[in-house]
Amino acid sequence: MPTQVLEAGRKKLVTKPFLPDLVYFEPDALEYPKGRKIYDWAKSHGLPIRMTTSHNRITDLPGDTELEKYRNAKRTLVVGIRKTLKFDTSKPSAEYAIPISTGCMGHCHYCYLQTTLGAKPYVRVYVNTDDILRAAQQYIDERKPEITRFEAACTSDPVGLEHITGSLQDLIEFMGKQEYGRLRFVTKYHHVEPLIGLNHQLHTRIRFSINSDYVIRTFEPGTSRFEERIEAASKIAKAGYPLGFIIAPIIWYDGWEQGYTELLEKLAERLELQEKTDLTFELIQHRFTKTAKRVIEQRYPKTKLEMDEAKRKYKWGRWGQGKYVYPDEQAEALRMFITEQIFLHFPDARIEYFT
Ligand code: SF4
């Protein structure tokens with residue numbers, strides 16, 4: 001996971017960019033300029049390199065127990081070619097998920113990738129960006145003159161991988177040229193330098209995932225600190241990008257009202273006036289499935305994440321297993337309270353959804 005170090009001479013924790021312990025390549029990935037660039041990068045950092053026939057099948061990860069293997073997988077980068085160019089839908093935040101990476105080095109206890117990625121928690125990046133962009137172009141053309149929005153962070157946190165791949169830069173510049181295409185992604189990392197100075201044409205909205213101090217400290221190891229995320233948000237706003245915040249997962253705990261009040265106070269304090277225009281918020285309450293609960297309890301046995309089915313409302317899923325969300329009364333209290341706090345500090349902001 002990205003390590004936090006004390007900057008020399010200053011009392012400030014800095015989250016370092018992700019450096020994997022081990023890198024796998026599909027042989028064909030080396031035929032692509034991005035694949036070769038990542039190979040050179042891995043070599044220059046002295047990282048052990050292995051070859052694999054498929055980025056979907058890594059079977060020889062180091063580790064004696066399942067838990068060790070999981071932890072090592074999160075520190076393993078797999079470089080491959082994206083073969084499936086049929087994009088998944090990505091409601092409510094966008095029309096489609098654009099696949100540039102899968103998996104994440106962060107250790108957020110609640111992360112839904114724990115279940116959606118199943119036995120493949122390693123970090124995969126795809127080097128055939130041109131193929132991915134060609135597919136995006138087709139989706140845009142099919143829907144025009146409707147705008148088509150693509151979400152780049154459905155299965156990963158691509159900002160945390162940008163120093164390795166440069167894929168967001170490709171996507172941002174591509175969407176800058178699209179009359180009917182828009183890009184969006186969300187991050188818990190602050191490594192946004194490569195995104196500054198690009199010709200985005202306001203077609204990319206960058207959102208930062210934020211939460212109360214308690215939630216970040218208790219459930220989000222291996223990600224950038226709140227202060228780092230806010231500094232990065234400021235840089236992104238200054239670079240002219242539309243900016244947004246996702247408060248997710250919203251968690252009910254003793255003291256949540258104070259926690260979320262402080263969160264929005266701190267946010268308002270840190271952001272400058274011009275950074276508060278065209279601001280969006282997305283609000284997502286905590287939810288879990290039975291499978292997620294089982295996996296989380298295995299991988300983070302000491303987690304304080306409350307996952308008591310008896311305290312939750314069961315929400316049927318459209319495809320298969322449903323989710324446990326907060327009962328209506330609690331969900332409504334969270335929604336109302338946080339909405340009020342947002343408008344108190346950011347009267348012109350837009351709340352895109354609460355789910
Ligand atoms: S940063 Fe996002 S994608 Fe990564 S582990 Fe945390 S919630 Fe999951």
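The chat below goes through a predicted model, from its open sheet to its helices, its loops and the shell around its ligand.

Q: Before we start, how are the residues numbered, and which pLDDT do local features need?
A: Residues are numbered from 1 along each chain as its sequence is written. Because this is a predicted model, local features need pLDDT of at least 70 and side-chain atom pairs count only at pLDDT 80 or more, while totals for chains, interfaces and linings use all residues.

Q: OK, what's the strand order in the open sheet?
A: The order is S6-S7-S10-S11-S12-S13-S14-S17, an open sheet of 8 strands with mixed pairing. Strands (E, at least two residues) and helices (H or I, at least four) are DSSP runs numbered from the N terminus, and two strands pair if DSSP finds at least two bridges between them.

Q: Which strands are at the edges?
A: Strand S6 (89–90) and strand S17 (350–354) are the edge strands, each pairing on one side only.

Q: And how does S6 pair with S7?
A: S6 pairs with strand S7 (residues 94–97) in the antiparallel sense over 2 bridges, with Ser-90 opposite Ala-94 in S7. The two strands form a hairpin with 3 residues between them.

Q: What's in that loop?
A: Pro-92 is found in the loop between S6 and S7, and a cis peptide bond with omega of about 0° joins Lys-91 to Pro-92.

Q: On to S7 and S10: parallel or antiparallel?
A: S7 and S10 run parallel and are joined by 2 bridges; Tyr-96 stands opposite Phe-150 in S10.

Q: Which helices pack on these strands?
A: Helix H6 (residues 167–176) lies across S11 and strand S12 (204–210), running at about 150° to S11. Such angles run from 0 to 180 degrees between N-to-C directions, with axes fitted as lines to C-alpha atoms, for helices over the stretch in contact.

Q: Switching to H9 and H11, at what angle do they pack?
A: Helix H9 (residues 256–270) and helix H11 (residues 328–345) pack at about 20°, with their axes 10 Å apart. H9 and H11 are therefore roughly parallel to each other, a term that covers angles under 35 degrees.

Q: Which residues make that contact?
A: From H9 they include Tyr-260 and Leu-264, and from H11 they include Phe-337 and Ile-342, where contact requires C-beta atoms, placed from the backbone, within 7 Å.

Q: Last one: what's around the ligand?
A: The residues there are Cys-104, Gly-106, Cys-108, Cys-111, Leu-113, Asp-157, Lys-188 and Thr-223, each counted if its C-beta atom, placed from the backbone, lies within 6 Å. By class, this shell has 4 nonpolar, 2 polar and 2 charged residues. Ala, Val, Leu, Ile, Met, Phe, Trp, Tyr, Cys and Pro count as nonpolar, Asp, Glu, Lys and Arg as charged, and the others, Gly among them, as polar.

Note on methods:
Two residues are in contact if their C-beta atoms, placed from the backbone, lie within 7 Å. Angles under 35 degrees count as roughly parallel, over 145 as roughly antiparallel, 65 to 115 as roughly perpendicular and the rest as oblique.
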